[in-house]
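Here is a friendly briefing to read alongside the model. Keep the 3D view open as you go through the points.

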Amino acid sequence: MSEYSVSRMKEEQQSEVEALMAASFEKSLASIFFLHPPTTLVVTYEERVVAGLNLDVFQVNKRVKMGYLGWLYTAREHRGKGLAGLLLEAAIPFLRDLGCTDMAGCIEGDNPASFKQLERSGFCRMSLGGQIKRFGVGLFKLYHHASRFFDMGYFLWHRSLDGSAQKPHPEGGKALAITVAANLLLTLPIALGWNIPAYLGLSFVQGKRALVWGVIFSIIVRTASQAAVAHRAKVKVVYLGWDTAYLAALLAPLLFGLPFPAPGNVYIKGSAWSLEDEAGLLARMALVSNTVLSLLVVLIPNAYTFLLLILDTLFFFYPFCGFNASRVKRGGRRARLLSLLLLLACSIFLLLY
């Protein structure tokens with residue numbers, strides 16, 4: 001009887017692994033694929049590769065050596081057999097033997113199938129503050145290896161291999177307050193004229209006071225509306241701030257004199273749910289959120305709210321798929337059309353305003 005077997009990838013298996021990766025992920029992600037044969041684990045069944053885990057091992061700083069979980073994939077006909085857990089459990093002693101002190105991987109917040117496995121293996125979301133404290137300036141090196149300088153809604157899941165304490169990611173009201181404060185702070189280059197367009201005598205944002213109120217109300221009503229929809233459906237949710245969106249939120253005001261919203265999002269709590277089963281609920285949450293943002297554009301016309309509505313309507317692709325546009329897209333053609341009509345109505349209103 002054939003059994004599943006985990007081992008380090010052999011040189012002659014590389015083409016087979018690359019083909020399995022190509023079949024497992026969207027073509028748009030191919031540009032950020034990596035495969036390091038000495039640190040890639042595979043599962044074989046009847047002498048054929050049916051799953052794999054591409055690891056990236058590198059020194060973050062003097063104290064931390066990282067084993068980064070880059071790509072985890074399973075052949076369609078072998079999914080549901082626990083192979084992801086098998087690979088993760090094999091990776092822990094494998095990385096320890098290589099001298100790694102830490103393991104980490106990035107998972108999008110609406111992907112419970114993936115972070116369920118990480119939870120079982122002792123991982124937890126790591127806050128931006130925890131990342132800075134643990135990795136210091138080496139955080140830039142980690143982000144480079146992980147291709148995550150600009151990803152929105154992807155969370156760094158971390159496990160310590162040297163016994164260091166892990167501080168959980170802030171959530172709920174505390175995370176919301178931090179996000180609002182951070183977004184307000186990042187609009188200062190616009191409000192104070194500290195940006196390249198302003199130095200050239202240009203200004204793309206009118207009404208600095210409206211911008212401030214736009215930041216505050218946009219994040220709060222967006223969060224509250226999504227939570228209300230989930231509450232009505234009797235589904236528990238949690239608000240989580242994002243850790244990587246702040247780089248774009250800093251560069252956009254400085255370079256272009258425009259805000260870049262980094263609002264975080266409302267996520268279904270825990271990992272005991274299926275994206276396929278809850279796609280409809282997430283789409284309704286996103287549509288109600290876009291509706292209240294549209295009303296806010298009318299009540300307090302400002303660049304922050306309008307740009308957030310654009311992102312939540314049109315930006316469903318990597319690295320922006322943490323915005324609600326990805327949820328709207330999964331909701332089907334009717335949801336996409338309604339969201340586009342809301343954006344069109346707001347665009348016409350602002351042109352006539």
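Asp162 is partly exposed at a relative accessible area of 39%, where buried means under 20% relative accessible area, exposed over 50% and partly exposed in between, with a 1.4 Å probe and protein chains only. Its salt-bridge partner is Arg134, with the closest N and O atoms 3.1 Å apart; a salt bridge here is a side-chain nitrogen of Lys or Arg within 4 Å of a carboxyl oxygen of Asp or Glu. This is a predicted model, in which local features need pLDDT of at least 70, side-chain atom pairs count only at pLDDT 80 or more, and totals for chains, interfaces and linings use all residues. Residues are numbered from 1 along each chain as its sequence is written, and side-chain values use heavy atoms, with hydrogens and water left out.

**Salt bridges**

- The structure holds nine salt bridges. Side chains of opposite charge can pair when their charged atoms come close.
- Asp162 and Arg134 form a salt bridge with their closest N and O atoms 3.1 Å apart. This pair joins distant parts of the chain, 28 residues apart: Asp162 sits in the loop between β7 (154-160) and α6, and Arg134 in helix α4 (residues 128-135). Helices (H or I, at least four residues) and strands (E, at least two) are DSSP runs, numbered from the N terminus.
- Arg134 is buried, with a relative accessible area of 10%.
- Asp102 joins Arg134 and Asp162 in a network of salt bridges.
- Asp243 pairs with Arg148 in a salt bridge, the closest N and O atoms being 3.0 Å apart. Here the link runs between the loop from β8 to α10, which holds Asp243, and the loop from α5 (138-146) to β7, which holds Arg148, 95 residues apart.
- Both Asp243 and Arg148 are buried.
- Arg222 and Asp312 form a salt bridge in which the closest N and O atoms are 2.7 Å apart. Since Arg222 lies in helix α9 and Asp312 in helix α12, the pair ties together parts that are 90 residues apart in sequence.
- Arg222 counts as buried at 1% relative accessibility, and Asp312 counts as buried at 0%.

- Helix α6 covers residues 172-185; at 1.5 Å a residue its 14 residues should span 20 Å, and its end C-alpha atoms are 20 Å apart, which agrees. The expected span is 1.5 Å times one less than the number of residues.
- Ala175, Leu176, Thr179, Val180, Ala182 and Asn183 are the buried residues of α6. Seen down the helix axis, they fall within an arc of 165 degrees, so they line one face of α6; the arc is that of the directions from the helix axis to the C-beta atoms.
- On the face of α6 turned away from its buried side, you will find the exposed residues Gly173, Lys174 and Leu185.
- The cover over the buried residues of α6 includes α9 (208-232), β8 (237-240), α10 (246-256) and α12 (303-314).

**Nonpolar core**

- In soluble globular proteins, nonpolar side chains tend to be buried together.
- The largest nonpolar core has 93 residues, and those with the most contacts inside it are Tyr68, Phe135, Leu142 and Phe260. Such a core is a set of buried Ala, Val, Leu, Ile, Met, Phe, Trp, Tyr and Cys residues joined through side-chain atoms within 4.5 Å.
- Helix α2 (residues 83-97) gives the most to this core, with seven residues.
- Neighbours within four places in sequence aside, Leu142 is in contact (heavy atoms within 4.5 Å) with Phe58, Met66, Tyr68, Phe135 and Leu156.

**Two further residues**

- Gln117 is found in helix α3 (residues 112-120) and counts as buried at 15% relative accessibility. Apart from neighbours within four places in sequence, its contacts are Ala84, Gly85 and Leu88.
- Val298, in helix α11 (residues 275-299), counts as partly exposed at 41% relative accessibility. Val298 and Tyr353 are 55 residues apart in sequence and 9.2 Å apart in space, C-alpha to C-alpha.

**Overall fold**

- The chain contains 14 helices and nine strands.
- Its C-alpha trace spans about 70 × 45 × 35 Å along the principal axes.
- Of the 353 residues of the chain, 49% count as buried.
- Among contacts in the chain with a separation of 6 or more, 75% come from residues 24 or more positions apart.
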